[in-house]
Amino acid sequence: MKEFGRYMMFLETLIVRRETFGTYYKLVIDECILIGVKSIALFMLVSTFMGAVTTVQTAYNLVTPLVPRYVISQVVREMTVLELAPTIMAIIFAGKIGSSMAGGLGTMRITEQIDALEVMGINSSSYLVLPKIIASMLMYPILVIFAGVCSILGGYLVGTLTGILTPTEYVMGIRSAFNDYTITFALIKSVVFAFLIASISSFKGYYTHGGALEVGIASTEAVTSSVIAVLLADYFLANLLL
Amino acid sequence: MIKIKNISKSFNGKSVLHSIGGEFDKGKTNLIIGSSGTGKSVLLKCIVGLLQPDTGNVFYDLRNFTESDKEVKSEIRREIGMLFQGGALFDSKNVEQNVMFPLDVLTKMPLDEKLDRANFCLKRVGLENVNKKMSSEISGGMKKRVGIARAIVNNPNYLFCDEPNSGLDPQTSIVIDELILEITHEFNITTLVVTHDMNSVLGIGEKIMFLYKGDKLWEGSNDDITHSGVKELDDFVFINKVMKSLKGK
């Protein structure tokens with residue numbers, strides 16, 4: 001509870017004594033490039049394979065001829081949109097971006113770079129962390145959309161090339177009984193997950209004390225705590241919004 | 001001028017500073033000296049506000065810094081330049097960007113003016129043609145110089161230096177010391193240096209405060225330090241053979 005209280009106070013420091021809009025604008029753009037553009041290849045690779053594997057495994061489990069084969073792509077779509085793209089990708093996001101945020105801020109702390117900002121009269125937490133959170137909340141939903149598209153394309157490629165189902169069946173399954181609210185739900189989840197991962201990872205990194213060993217520990221804690229928070233939020237959002 | 005009154009600080013019940021008071025004069029290099037672990041850096045951090053003292057106050061030209069709200073503290077801090085022990089240069093920026101950084105964030109100066117000012121400060125600390133180098137590509141001594149350039153770029157009224165000679169060879173140490181002394185006189189600023197380097201003490205210590213186990217034991221100038229009559233200070237000053245021979249004379 002004490003740690004949670006510190007986290008809430010940390011969030012408060014992000015919004016008091018802010019710098020000018022122009023300062024944040026440039027920082028947010030830089031972070032968007034770092035978080036979004038430089039992560040897109042990994043996200044596309046992982047999600048393509050995720051869709052491919054989901055197709056193969058769903059086909060493996062559908063042994064009865066009574067179930068039409070287009071159900072396979074329907075399952076791929078639902079799993080991708082509701083869970084795989086926003087939640088599993090959030091775990092990848094925490095591993096890549098969360099640990100990098102915690103490590104970067106931790107290193108800045110132990111090398112007195114954060115102290116240097118404070119001495120200059122700059123609110124270091126707001127200056128360093130707020131752009132990371134905003135950029136994450138902007139870029140992660142876009143990454144999730146890319147991941148969803150790649151996952152469905154991966155399923156299509158494997159499904160049609162290995163003869164599990166025909167292209168027509170795959171497209172039919174993707175289009176049948178589609179509820180567009182699932183997309184809205186996935187995007188809401190992605191914004192919440194991005195906030196949790198960026199803020200928790202920054203919190204862990206910002207309050208690092210000690211040396212290089214502690215920076216490593218902070219990075220590990222950042223990923224662990226972020227993943228736990230994402231899984232809890234996933235459950236609560238599903239209960240609340242579905 | 002900076003004035004401190006009854007500064008005390010403890011960590012987890014262990015007292016580190018005991019009611020320290022004193023004044024640091026404008027236009028002079030003021031030194032806080034003492035062995036490792038005596039509380040020099042803690043006192044410096046209390047003065048610049050990186051640590052909140054348990055008791056006491058810090059006054060910047062009669063403005064009570066300790067009891068000011070965050071806005072006023074922020075305003076006072078914008079008059080401060082600080083050189084950190086390891087330089088504390090921003091890894092993601094090159095030398096020029098590091099020096100320009102306070103101007104980028106704290107002023108609305110046009111880019112060409114900022115560049116002129118940064119180049120002036122880099123030239124002043126004897127660094128030219130390194131503008132585009134990253135901080136990881138320059139030596140320890142150069143990092144300290146860039147740190148000084150960054151500290152003075154915003155025309156500070158107060159300059160703080162935390163162990164400016166640590167990790168430097170004796171020759172570079174003297175260069176850095178002389179640079180600090182020159183800048184202090186040239187810009188008429190209040191400079192406060194934390195050090196345990198005896199060359200610095202004798203070379204630039206216009207006003208010296210000696211700390212011992214969290215207490216202020218002596219105050220004076222580098223001319224008086226060799227005949228202070230304080231045993232703990234003598235033990236600190238005359239630790240090596242060269243200094244002992246000086247004492248004999």
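Student: What should I know about the conventions?

Tutor: Residues are numbered from 1 along each chain as its sequence is written, and chains are lettered from A in the order in which they are written. The model is predicted, and local features need pLDDT of at least 70, side-chain atom pairs count only at pLDDT 80 or more, and totals for chains, interfaces and linings use all residues.

Student: How many helices and strands does chain A have?

Tutor: Helices (H or I, at least four residues) and strands (E, at least two) are DSSP runs, numbered from the N terminus. Chain A has nine helices and zero strands. Its C-alpha trace spans about 70 × 35 × 35 Å along the principal axes.

Student: How is a packed helix pair described?

Tutor: Two packed helices are described by the angle between their axes and the distance between the axes. Axes are lines fitted to C-alpha atoms, for helices over the stretch in contact, and angles run from 0 to 180 degrees between N-to-C directions. In chain A, helix 4 (residues 70-110) and helix 8 (residues 181-206) pack at about 20°, with axes 8 Å apart. Therefore helix 4 of chain A is roughly parallel to helix 8 of chain A (angles under 35 degrees count as such).

Student: Which residues of chain B touch chain A, by class?

Tutor: Two residues are in contact if their C-beta atoms, placed from the backbone, lie within 7 Å. The contact takes 15 residues from chain B and 13 residues from chain A. The chain B side has 10 nonpolar, two polar and three charged residues (Ala, Val, Leu, Ile, Met, Phe, Trp, Tyr, Cys and Pro are nonpolar, Asp, Glu, Lys and Arg charged, and the others, Gly among them, polar).

Technical notes
Parallel < 35°, antiparallel > 145°, perpendicular 65-115°, else oblique.
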